[in-house]
Amino acid sequence: MEIEFDMPDFLRVHKSGRVDRLGGTETVPPSPSGDPANGVASKDIVLDPAANITARLYLPDAAAEPGKKFPVVVFFHGGAFFIESTASPIYHRYAASLAAAVPAVVVSVEYRLAPEHPLPAAYDDAFAALKAVVALCCPDGAEPWLAAHGDASRLCLVGDSAGANMAHNTAIRLRKEPIDGYGDRVSGVALLHSYFWGTERVGCEPLYAPFDMDRVWDVACGGRFGRDHPYINPASSPEEWRQLGCGRVLVTTAELCWFVERARAYPEGIKACGWDGELEFYETKGEDHTYFLFRPDCENAAKELAVVADFVRRS
């Protein structure tokens with residue numbers, strides 16, 4: 001069978017149109033009665049029935065106190081836009097750990113995957129999810145955990161890898177399309193090991209990229225957007241970048257991350273284009289791309305989780 005696109009450990013696309021996912025397909029159920037490890041309860045919910053957007057919702061143990069409000073994290077998982085889900089073991093654990101560490105109500109968003117649903121499908125789902133979460137945090141919202149405990153005035157967009165790309169682009173879109181009764185800014189955006197790229201190499205990028213990242217982007221977007229489109233290369237549109245819809249940004253990366261050079265360039269780039277918010281940068285030495293998902297109990301993962309939790313807590 002002829003192969004159209006092959007991304008080892010991620011995805012194989014056949015010329016016939018058949019798609020084989022080579023990873024990210026394992027799932028675990030939610031823990032509605034609370035996770036014994038951290039006390040965090042979780043359940044799967046429908047965020048937007050019309051758009052068929054679902055999420056896994058996490059409520060910290062501290063929410064046992066009636067009426068107590070928490071920051072809200074809208075989380076987007078990674079996977080190159082091709083694989084993984086809210087029910088993936090690595091993302092279920094991370095979202096629950098973040099909910100406990102802040103503490104916060106975490107909404108882990110399910111979104112349509114490429115190549116069956118090429119970009120901007122995932123971006124559209126992300127923005128629809130944000131609007132739905134804001135509405136559900138109202139006192140009369142239909143989702144009781146969010147209505148009782150979610151404080152949308154302290155909402156952060158958080159994502160890793162492709163999910164970080166989505167968090168960035170959701171905040172860009174928010175400035176263009178303010179949410180009625182909410183506005184055009186969230187409290188913060190945390191970009192964890194962000195997936196950004198471009199035609200001009202930055203620093204020593206090719207040394208760390210195990211895939212043809214140009215081709216990966218072509219397949220993710222179905223060829224609809226160029227390799228320097230602002231979706232994948234914020235530096236290509238400074239006018240848009242400075243409109244990022246938040247006042248605080250956290251960028252985390254790792255020394256051996258595939259996209260470390262882009263992450264290092266993000267703070268200087270967004271400041272140079274005129275964005276006037278507060279930016280924090282955190283790099284872990286000796287680690288690779290999203291290591292914290294695969295070795296969550298290591299010391300460096302605990303330190304990075306603490307940095308992210310502190311950023312959200314201060315929202």
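The accessible surface of the protein chain comes to about 12,500 Å², and 50% of that area belongs to carbon and sulfur atoms. Areas here follow the Shrake-Rupley method with a 1.4 Å probe, and for residues only the protein chains shown count as cover. This is a predicted model, where local features need pLDDT of at least 70, side-chain atom pairs count only at pLDDT 80 or more, and totals for chains, interfaces and linings use all residues. Residues are numbered from 1 along each chain as its sequence is written, and side-chain values use heavy atoms, with hydrogens and water left out.

**Overall build**

Of the 315 residues in the protein chain, 57% count as buried (buried is under 20% relative accessible area, exposed is over 50%, and partly exposed lies in between, with a 1.4 Å probe and protein chains only). The secondary structure comes to ten helices and eleven strands; these are DSSP runs numbered from the N terminus, with helices (H or I) of at least four residues and strands (E) of at least two. The radius of gyration of the chain is 18 Å, close to the 20 Å that the globule rule gives for 315 residues, so the chain is as compact as a globular protein of that length. That radius is taken over C-alpha atoms, and the rule is 2.2 Å times the number of residues to the power 0.38. Along the principal axes, the C-alpha atoms fill a box of roughly 55 × 45 × 40 Å. Among contacts (heavy atoms within 4.5 Å) between residues at least 6 apart in sequence, 72% join residues at least 24 apart.

In soluble globular proteins, nonpolar side chains tend to be buried together. Here the largest nonpolar core has 112 residues, and those with the most contacts inside it are Leu47, Phe81, Phe82, Leu157 and Tyr195. Its largest share, eleven residues, comes from helix H2 (residues 121-136). Such a core is a set of buried Ala, Val, Leu, Ile, Met, Phe, Trp, Tyr and Cys residues joined through side-chain atoms within 4.5 Å. Leaving aside residues up to four places away in sequence, Phe82 touches a list of residues including Phe5, Met7, Leu11, Arg21 and Val216.

H4 is mostly covered, with twelve of its 15 residues buried; among them are Asn165, His168 and Asn169. The buried residues of H4 pack against elements including H2, strand E8 (150-160) and helix H8 (260-272).

The buried residues of helix H10 include Glu304, Leu305 and Phe311. Seen down the axis of H10, its buried residues fall within an arc of 160°, so they line one face of the helix. The arc is that of the directions from the helix axis to the C-beta atoms.

**Backbone details worth a look**

| Residue or bond | Angle | Feature |
|---|---|---|
| Val102 to Pro103 | omega about -10° | cis peptide bond |
| Leu119 to Pro120 | omega near 20° | cis peptide bond |
| Glu84 | phi near 80° | positive, not glycine |
| Ser161 | phi near 55° | positive, not glycine |

Pro103 is found in the loop between helix H1 (89-101) and strand E7 (105-109), while Pro120 sits in the loop between E7 and H2. Glu84 counts as buried at 14% relative accessibility, and Ser161 is buried at 8%.
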